[in-house]
Amino acid sequence: MQEPLYCAVDLHSNNGYYGIIEKSGKHVLGKRLSNDLDKVLKELEPFKEKIHSVAIESTYNWYWLADGLTRNGFKDKVKLANPAAMEQYSGMKSTDDKTDAFFIAELMRLDILPEGYIYPEEDRYVRDILRRRSLFVKQRTAQMLSLQNMISRQSGSSLSMRNIQKVNLEELLELLGSQDNLFMAKQNLDMIRFLSEKIKILENHVLDKAELKPEFEKLLTVPGIGKILGLTIMYETGDISRFAKAGNFTSYCRCVKAEASSNYKKKSNNNRKNGNKYLSWAFVEVAHKMKQFCPEAQRFYNRKYSRGNGALATKALAAKISKAVFYILKNQEEFDVKKIFG
């Protein structure tokens with residue numbers, strides 16, 4: 001019986017370091033290759049039949065390599081190494097791409113590699129469009145806040161986010177008092193309207209291409225979740241069965257504290273970036289909307305706000321909603337306000 005091989009890739013923007021080891025731990029190959037799929041396949045060809053799995057470090061540019069390997073004889077062998085969940089031995093005096101690659105290979109060999117989720121290629125483009133939409137929404141919010149601050153600074157009054165999108169130049173001039181201030185405000189207003197147009201284009205494209213899968217349709221019973229946020233949650237979550245408990249899902253959504261404690265005392269902060277930032281954003285968006293339409297959510301938010309601040313109260317509400325969504329998806333039941341808020 002052939003001894004299996006384990007291949008790991010420390011991937012960078014224009015190259016990757018490829019390390020292959022045997023089951024015994026012996027190094028078989030260590031080589032830096034340019035990000036050229038043909039060259040990578042040629043280098044791995046002599047080991048192809050014996051390679052048990054290939055782990056790629058989950059960086060921003062892994063799509064081309066994971067998909068290319070999957071299409072060329074490595075189907076069901078490609079893994080995504082989760083760097084946020086890996087910690088090398090702290091006593092190492094120096095590390096480089098070679099040590100990083102072989103460290104990942106060692107974790108594979110020992111069957112303790114923390115893995116990321118490889119989203120199906122055929123659905124990935126819709127997810128990426130929704131991610132681009134979330135980026136534009138954040139940029140639009142930044143422009144709105146900038147204009148809000150300017151209005152408050154110059155006039156002592158405030159203008160809601162909704163009214164900022166409707167305000168005309170005459171109203172702005174009255175609030176800001178001078179043509180120079182109006183000129184600055186108009187740049188914000190132009191960006192807000194430009195981004196709103198692009199957001200609408202992306203939404204229409206997604207709605208034309210994608211539908212909520214049957215197991216996600218009950219998301220629409222949650223106050224604050226419409227078609228676009230429902231699709232965002234669906235595409236970022238994937239298969240809900242990959243989360244054993246509600247707490248696992250809430251943690252993945254970055255809706256819980258990232259801290260380490262001992263003997264009831266906080267010792268340090270854990271990795272706050274471990275999880276899905278897009279789900280984190282989505283559930284905060286749902287929280288903002290839910291407290292407008294659901295009195296129970298508003299009361300919960302107010303209770304938390306009285307003990308801290310708006311950001312913490314919103315995050316607490318987002319955590320509540322994420323747990324409710326887990327059970328809605330797992331049990332295929334509709335939203336029940338009594339179950340979430342008592």
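1. Helix 7 (residues 179–209) packs against helix 8 (residues 227–237) at an angle of about 70°, and their axes lie 11 Å apart, the axes being lines fitted to C-alpha atoms over the stretch in contact, with angles running from 0 to 180 degrees between N-to-C directions. Helix 7 is therefore roughly perpendicular to helix 8, a class that spans 65 to 115 degrees. On the helix 7 side the contact (heavy atoms within 4.5 Å) is made by E203, V206 and L207, and on the helix 8 side by K227, I228 and L231. These residues divide into four nonpolar, no polar and two charged.

2. This is a predicted model, in which local features need pLDDT of at least 70 and side-chain atom pairs count only at pLDDT 80 or more, while totals for chains, interfaces and linings use all residues. Residues are numbered from 1 along each chain as its sequence is written, and side-chain values use heavy atoms, with hydrogens and water left out.

3. Helix 8 is mostly covered, since ten of its eleven residues are buried, that is, under 20% relative accessible area with a 1.4 Å probe and protein chains only. Among the buried residues of helix 8 are I228, L231, I233 and Y235, together with the charged E236. What covers them includes helix 4, helix 7, helix 9, helix 10 and helix 12. Just after helix 8, G238 takes a positive phi of about 70°.

4. Leaving aside neighbours within four places in sequence, I321 is in contact with V222, F283, V286, A287, M290 and I340.

5. Of the 342 residues, 43% count as buried, and residues 24 or more positions apart account for 61% of the contacts with a separation of 6 or more. The C-alpha atoms fill a box of roughly 80 × 50 × 45 Å, taken along the principal axes.

Terms used. Helices (H or I, at least four residues) and strands (E, at least two) are DSSP runs, numbered from the N terminus. Angles under 35 degrees count as roughly parallel, over 145 as roughly antiparallel, 65 to 115 as roughly perpendicular and the rest as oblique. Buried means under 20% relative accessible area, exposed over 50%, partly exposed in between (1.4 Å probe, protein chains only).
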